[in-house]
Amino acid sequence: MAQRSIMLTDYRRDGGLFQRRSSWVVVVVAVVGLLLVPAIFGDRYLFGHYFSNSEILGFGLPQINSALIAVVGAIALNVLVGFTGLVSLGHAAFLAVGACTAALAGTEWGWPLIPVLLLAGVVGILVGVVVGLPSLRLRGLYLMLATLALHFIMLYIFLRFQLKFFTPAGLPFNTASIGSFAVDTEKKWYWTLIVVLGLVLLGLRNLMKSRHGRSFIAARDHDIAASSLGMNVPRVRLASFAVSSFIVSVIGALYAYYLGHLSDTSFSLTLVIGYFAMVIIGGIGSTGGAVLGALLWTLLPQVLTFATTDVDPTTPVIGNMLTTYQGQTVSVVMGILIILILRFRPEGLISYWKAVVHACRRWPYSP
Amino acid sequence: MALMSLAACGGGGGAGEGSAHDGVTDTTIKVGTISDRTGPTAANMEPWLHGVMTVVDEANDNGGVNGRKIDLKTEDDKYDGSLGLAAYKKLVSQDPVVAIVGVNTGDLQPIVAPLLDKDKVPVIGGQTSTKSLLKPLQKYFFGVSPDYSVQVDVMLAYGQQQTGKDQTRVAVVDNGTSTGVEVADLVKERNGKNGYNVVDSIVLPPDATTADAVVQKLMSDHVDQVAYHGNSTGVNLLLKAQQKFGAHFPIVGIAPSGTAASFAGIDPKFGKDFAFVQAVTPSAIKVAGTADMVKAADAAGYGDETTDPAYVTGYISGTVLVEGLKAAGKDLDRASLTDALEHLNVDTAGLSGPLSYSATKHAGLDAMRPYTWDYKSKSFIAAGEFSDYSDVITNEYTK
Amino acid sequence: MAEFTQYVVSGLAVGSIYGLVALGFVLIFKSTDIFNFAQGDLVMVGAYLGFGAMDRLGMPFWAAAITALLVAALLGLGLQQVVFRPMLGNSLLTMVMITIALSLIIRGVVVIIFGPLDKTYPDQLPGGAMTVAGVTLSYVDLIIMGVAAVAIACFTVFFQFSKTGLQMRAIGENSEAAAVCGVNANRMFSVAIMVGTVTAAAGGLLLANLQIVSPQLSDIGLIAFPAAVLGGMHSIPGAVVGGLTIGVIGQLSAGYVDGTAANVTIYLVLLLVLLIRPTGIFGAREVVRV
């Protein structure tokens, strides 16, 4: 059934959550999927069938939870890099800020989870604005380098903070608890993270539909034209940093609680580059792309590792490589994959999804 | 609603093929390892893993343990705590194993420490034993390598011995990471004891290209001995800088700093200034157990790694595992293995000092001795016996 | 005062390698607009190639060095044809991501071929040092500075005075206009990347004499960025000056403050330069059409 294009006649409909009737189908499928995940990957039991390790590709809820944390982080980075066009390598710095706040407020002062997260977010905004100041003078490559410098400076400050208030071993974190609900099993973490993800997605969608969100995109694409129309471009850039770092600090605090213990080595440049990879592979400027990219980046190495674990060492050429150097081979494959994706689909993975949706909607007129 | 209840009512026995319980079936025993295989410390950790694999292969070749073959599941944590945690969770509940060997990444140990009591899975140590798993006594952790406090005690004692003085000016050079700070703090704590006067705490970052500034500081502060924390790259830089300036500060380094590469490219007159402490005996020094170890290593394909102390440490970790499995008997699960390990006394045939566990002692090896390098024979030489240095060790973490 | 001079001289020795690495980096950037995150990994490859030639083929150091440089040139050519050429014209982020992916691949392949253990060069440059006016320089330091200076001089001559060099500069200024004048852009890009790879490999060979050969050698790439920015991202002599300056600043802060401070100071300098004069010491102000 070929669907005609949507005709929106007022802003209210445009801002509404669902613009098509068919969107409800998507929602139902998504909810069912979310419910199935802990069953399949957590309990490994569904409708009387026990899933063996091989059937679910060696995945478990811990990997899924780590992937969810990465998804939120990638979405937040996309706000900065994708929507506002500000190339910032300060991601790890904001995660660290969230973790620090959680350590102080949660462990030292004993606050419960939600106030800790909110405080982390607020501190994140403050730091984000400071980190964002160079963006007022610098663009593109130079901004990237400036934030790279800030990354190392922030790590140094983090190490000093860690040594002053805690032990050289790192920052310890209590169990996260909301009132009497203690988040201490994988399943509880899964649902907590899903809720957080849902809130972030909802909030971001509303933001991008509003004039504030549109101002981000204007600052990215035509900043001179936008300022000539009266938009305060520096303020918009700082606002983008604020929004992005709020989310990242909150997820950084959650990440800290999830791990239970963090030290300065947890916030390496490799981590930042990983988040960049997620956003770019998924598709810059698309929240869905960030989700896809994050899932691919965190889960694909697991799949590859799992698939190559039981390879017979006597297989010619790759046999020895896969048994002795499995980790390196997986990295190489990931690298090649990235290059291929960027070569043939520079717009990212989301373009595949969009192409599919497009074809579905246009059927039977799809090319 | 119906879906939720369906999802909730599952999960009794969990995953696992057949009738596995804790990773043990009638024919196989699953054991997991977590170590850095592709990250920055892989150069030290891979030989360790090979040592473990050697012992496991040898046991399997001889019919297994109590009729079961050991299936080793290796996990790579890439020196990253979060990956290590995911690996730990996988080994505990998704693909259950009866024991974990390793948890070598220093950052991973404090993360895993609070979980062990809940999961009740025995962990046999590897190259690293940090305070988090030792103090207070962790029932499920069975360390192998000595912790940093033991290392520092022996490092300082031997360094002072080399100077021939009773009162020495001590400098600690560390790589600035959290374990580096831990070692520096341990050294500073010993200020004023045994004639140690700690005058300097210098950082040599892991990515430094030259140690000139460090040696200049050592010279201007008239230091007598240096305690070193870091890897072989750093100590090699330090030795090259000492050679350049003609300085001869005795440097004693932590166990991981001692590899053949640390001494390479240095004039032997300056290379002799460096020693490192170790709790194991590499194969260049023949003791009772060396022949068996070399034979097993050759069979497993790691014959040229037996001169690496990291490999020997792994060999001992593997030995602890196999001996523990044997002692646990036919009725093998995590609880019985933990129990067996707690009463274990391992005879390493001279490859290390005495190794035994008890209800109050889970730290493993606590005897160390310094090693230096003989440029002519291109191998390590030991400075004395393990027992020679036992009286300087204060066992700060495990008292 | 002697202490200060010593720090400066040590810094210059280390800085010549930084300059060499930064030079390759800036060359690639100036000619092709590619921000090569994998420059450090190319340095590491150079060191490993030298090791491979000496260890597996039994060559003495100088022969191994030349072999390594030749192989590096071929590698650069290969990279240009297979990876970079189809990707030219893409946005900054995409290109950065490609080089990051390349970095992953290179590190993995190097360990697969050579194993994860640390390596050292079997054949060493002469040890020993000389002291002049209270300042000590090891022979290795002198050789490194000498080789780096010669490499940079050759390079400058090539760039300034040869026809190919002129063509490369033309492409760097305005590729379309140069193409109209008959300059083969693709060939120039290939040459740029080959030379960039060779300078990186040369840096790696020199570095391997100062340090142990391990995958961690690629960390030096991170220092190339501040050096390049300091000197001006579009200026080749600037890259060299930037590298030397960074080396000196690093040593001075390691000496007077703290080892960890050395890194942070370099990045603070980078930040200040970016905020105050982003085009660097030698760079020209960029004029952008709105």
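Ser135(A) sits in the loop between helix 5 (113-132) and helix 6 (140-165) of chain A. Helices here are DSSP runs of H or I with at least four residues, strands are runs of E with at least two, and both are numbered from the N terminus. The model is predicted: local features need pLDDT of at least 70 and side-chain atom pairs count only at pLDDT 80 or more, while totals for chains, interfaces and linings use all residues. Residues are numbered from 1 along each chain as its sequence is written, chains are lettered from A and ligands numbered from 1 in the order in which they are written, and side-chain values use heavy atoms, with hydrogens and water left out.

Ser135(A) has a relative accessible area of 0% and is therefore buried. Buried means under 20% relative accessible area, exposed means over 50%, and partly exposed lies in between, with a 1.4 Å probe and protein chains only. Apart from residues up to four places away in sequence, Ser135(A) touches Leu86(A), Leu143(A), Arg237(A) and Phe241(A); a contact means heavy atoms within 4.5 Å. The C-alpha atoms of Ser135(A) and Leu86(A) are 7.4 Å apart, although 49 residues separate the two in sequence. A polar atom of the Ser135(A) side chain lies 2.5 Å from the backbone oxygen of Gly132(A).

Chain A as a whole has 15 helices and six strands. Of its 367 residues, 53% are buried. Among contacts in chain A with a separation of 6 or more, 72% join residues 24 or more positions apart.

**Cores**

A nonpolar core is a set of buried Ala, Val, Leu, Ile, Met, Phe, Trp, Tyr and Cys residues joined through side-chain atoms within 4.5 Å. The largest one has 299 residues, and Ile100(B), Phe35(C) and Met233(C) have the most contacts inside it. Helix 3 (residues 61-83) of chain A gives the most to this core, with 16 residues. A second, separate core of 32 residues includes Ala208(B), Val235(B), Ile285(B) and Phe380(B). Beyond its neighbours within four places in sequence, Met233(C) is in contact with residues of chain A, namely Leu141(A), Tyr142(A) and Leu145(A), and with Phe25(C), Val26(C), Phe29(C), Phe35(C), Ala228(C) and Thr279(C).

**Cavities**

Rolling a probe the size of a water molecule over the atoms shows where empty space is left. On a 1 Å grid over the protein atoms alone, a cavity is a set of points where a 1.4 Å probe fits but cannot get out, and lining residues have an atom within 4 Å of a point. Grid points are joined across faces, edges and corners, and a volume is the space filled by probe spheres set on the points. The structure holds nine cavities of 30 Å³ or more.

Thr209(B) lies in the loop between strand 7 (196-203) and helix 7 of chain B. Its relative accessibility is 8%, so Thr209(B) counts as buried. The side chain of Thr209(B) makes a polar contact of 2.7 Å with the side chain of Tyr18(C). Such a contact is a pair of N or O atoms within 3.5 Å; within protein, one must be able to donate a hydrogen and the other to accept it, and residues adjacent in sequence count only if both atoms are side-chain atoms.

**Gln6(C)**

Gln6(C) belongs to helix 1 of chain C and counts as buried because its relative accessibility is 3%. Its contacts outside four places in sequence are Gln216(B), Phe245(B), Gly134(C), Val135(C) and Thr136(C).

**Backbone**

Most residues other than glycine have a negative phi, and most peptide bonds are trans. The peptide bond from Lys135(B) to Pro136(B) is cis, with omega near 0°. Pro136(B) is in the loop between strand 4 (123-124) and strand 5 (141-142) of chain B. Two residues other than glycine with positive phi are listed below.

| Residue | Phi | Relative accessibility |
|---|---|---|
| Lys378(B) | near 55° | 63%, exposed |
| Asp33(C) | near 60° | 53%, exposed |

Lys378(B) is in the loop between strand 13 (369-374) and strand 14 (379-382) of chain B, and Asp33(C) is in the loop between helix 1 and helix 2 (39-56) of chain C.

Note on methods:
1 Å grid on protein atoms, 1.4 Å probe; cavity = no way out; pocket = protein on both sides within 12 Å on 5 of 7 lines; lining within 4 Å.
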